[in-house]
Amino acid sequence: MKKLFLLLLLPTMVHAQIDWMNYSTSFQGNGKEGTHPVLVTAIPYNGIYGGASYSSNTPEDSSLADSHLAPEEKRPRHFGVSYTIDSGYVYFLAPGTHRNNADKYEFRVLLDKKTLLLPWGPITRFTDPGKVLNEFKDQYGFLGGYKNTWGHSVIVDLREKATKTIISSAMVIWRNAHPSLSRLYTAQNLQNLIGGRRPYGDSQPDSAMTSRLAALAQGRLQLQPRDNTLIFYVNAQVYQRQALEYQLLHDGSPDRPWQPNDFDNNAIFLQNLQPGQYTLQLRLRAQRHNVSSYTFAIRPAWYETKLFRFGLGALEGASLIAVILLVILFRQRRRTRREKNARERLGLELGYIRSQLNPHFIFNALSSIQGLVNNNKIEAANRYLSDFGLLLRDSLAGSDKDSHPLPQEIRILNTYLLLEQLRFGFGYEITTAPGLPVGTTEIPAFLLQPLVENAVKHGVAGLHENGFIRIAFSRENANFITEVTDNGKGWDTTAEAKGYGLRLTKERISLLNQLSPQQPITLTIRSQPDRGATIRLQFTNWWT
């Protein structure tokens, strides 16, 4: 078989639409003008020399020489067998035949070795003038172009008409091509490639590379963290790198989607790969349906392992939590200290207000006793003094407490009203609603006494026996309600508060609300001239 060479064709001729520069050719015979014609196959390159691989008498095809022939037919002992991996047309030429001798020869085409695609027939088409093939310069026979699918074949036979002797046969097989790897370079042996030992020729890879290739083929290749720059050599004679395509998957997701090779003709260069599981997928542009896959892994460095990252994350998390807790503790202590100072300040202010209420109350009580003595009501004055002593004792006993039980508050109010009743003669009543937990209810100490005193002094004092005061304790859901009502002359609630004690009570309620904002106390006054007055206290969320 002759050495492969390119066909040259002037682009202005009949077959100018065929890019002969993209074809590899093979012919059978001595190639000298005047001898028997030969058959030439033109196989498309499309970027890969290996796309047309020639051999004769291969084990696969050794039985084809005489297969499917009539008894009188016999093929030459040696005939050309070519392989193509491209889906383009394969052309058959017959140098040695021309317009002057074409009537002496005929050809036929068989599909898959047995199906007659074209029966024996004359050569009617020829190449354009000026086309040169080796030493054949005349116009020679053009037997057509044929396409097939993978795994199928076409055989063209050329014979003399007179003797029915087959003088040349050529066979083309469309073969599936799965790219394979012949070399793998890592950081361990990259210097061999840099030093000029390129993977061409018949040299075999060393044992270390052979071992890595075997592990790669089995999907168990584990590379060290520093081996993250790799060069894969594909076992194909690629002369246009775009004819080789690849895709790289990282942990199952495309890291580099399908793309033409961008490095060297048959070398794929991957650099700076991150730790993880990789799959390199290869395919030829001419056969994108045939994909070869190679799986390998790059181990993470010790500081990139999940255990280290987990420990580092746990340490960072613990540090962050510690910092947050320290900030919260600092803020809590500062808030506690600020609240403590505020409570101390409010406590001092409440104590100051209580210290003002007690002299006010004592002054009013002594004034009442003085009035009884001046009116010569000695017995009433004595009773008043006795009750006043009890009231003063209760007042002194609770002077250091912020609150006391409701029954104690009722007893103090009852004693006070009895004392004032001796002077002014009005009537009164104190009621508690059914279901009210009187025994377990606390109330700020002496909070109601100034309100009751206001109802006496500014409400019923001038009415004498016609005056009446009602104190009612009730419950609305979780709210504790107290109302002090009188039938006195009333007053304008938009004007300044009546009485010194009422003003001090409002100030005290404001301070208590600052100390316990979740349980605010609301004071409401309803009053109209000559229609009496009602002072209402609502202790919100008192039992929560």
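This is a predicted model: local features need pLDDT of at least 70, side-chain atom pairs count only at pLDDT 80 or more; totals for chains, interfaces and linings use all residues.
Some ground rules come before the details. Local features here need pLDDT of at least 70 and side-chain atom pairs count only at pLDDT 80 or more, while totals for chains, interfaces and linings use all residues. Residues are numbered from 1 along each chain as its sequence is written, and side-chain values use heavy atoms, with hydrogens and water left out.

**The chain overall**

The protein chain has seven helices and 25 strands, taken as DSSP runs numbered from the N terminus (H or I with at least four residues for helices, E with at least two for strands). Of its 544 residues, 44% count as buried, meaning under 20% relative accessible area; exposed is over 50% and partly exposed lies in between, with a 1.4 Å probe and protein chains only. Among contacts (heavy atoms within 4.5 Å) with a separation of 6 or more, 69% come from residues 24 or more positions apart.

**The sheet around S13**

Strands S11, S13 and S16 make an open sheet in the order S11-S13-S16, with antiparallel pairing; two strands pair if DSSP finds at least two bridges between them. S11 (181-185) and S16 (267-270) are the edge strands, each pairing on one side only. Neighbouring strands are turned by 15° against each other on average, direction ignored. For angles, axes are lines fitted to C-alpha atoms, for helices over the stretch in contact, and values run from 0 to 180 degrees between N-to-C directions. Helix H2 (residues 207-217) packs on this sheet, touching S11 and S13, and its direction makes about 110° with that of S11.

| Strand pair | Sense | Bridges |
|---|---|---|
| S11 and S13 | antiparallel | four bridges |
| S13 and S16 | antiparallel | four bridges |

Ile231 in S13 is the bridge partner of Tyr185, and in S16 Ile231 has Phe269 as its bridge partner. Leu184, meanwhile, stands opposite Phe232 in S13. Five of the five residues of S13 are buried, so the strand is largely enclosed by the rest of the structure. Leu230, Phe232 and Val234 point one way from S13, with Ile231 and Tyr233 pointing the other way.

**The second largest cavity**

S1 (23-27), S4 (80-84) and S10 (166-174) each supply at least two lining residues. By class, the lining has five nonpolar, six polar and no charged residues. Ala, Val, Leu, Ile, Met, Phe, Trp, Tyr, Cys and Pro count as nonpolar, Asp, Glu, Lys and Arg as charged, and the others, Gly among them, as polar.

**Tyr91**

Tyr91 sits in strand S5 (residues 90-94) and counts as buried because its relative accessibility is 11%. Leaving aside residues up to four places away in sequence, Tyr91 touches residues including Trp20, Val40, Phe142 and Gly144. The C-alpha atoms of Tyr91 and Gly144 are separated by 5.7 Å, although the two residues are 53 apart along the chain.
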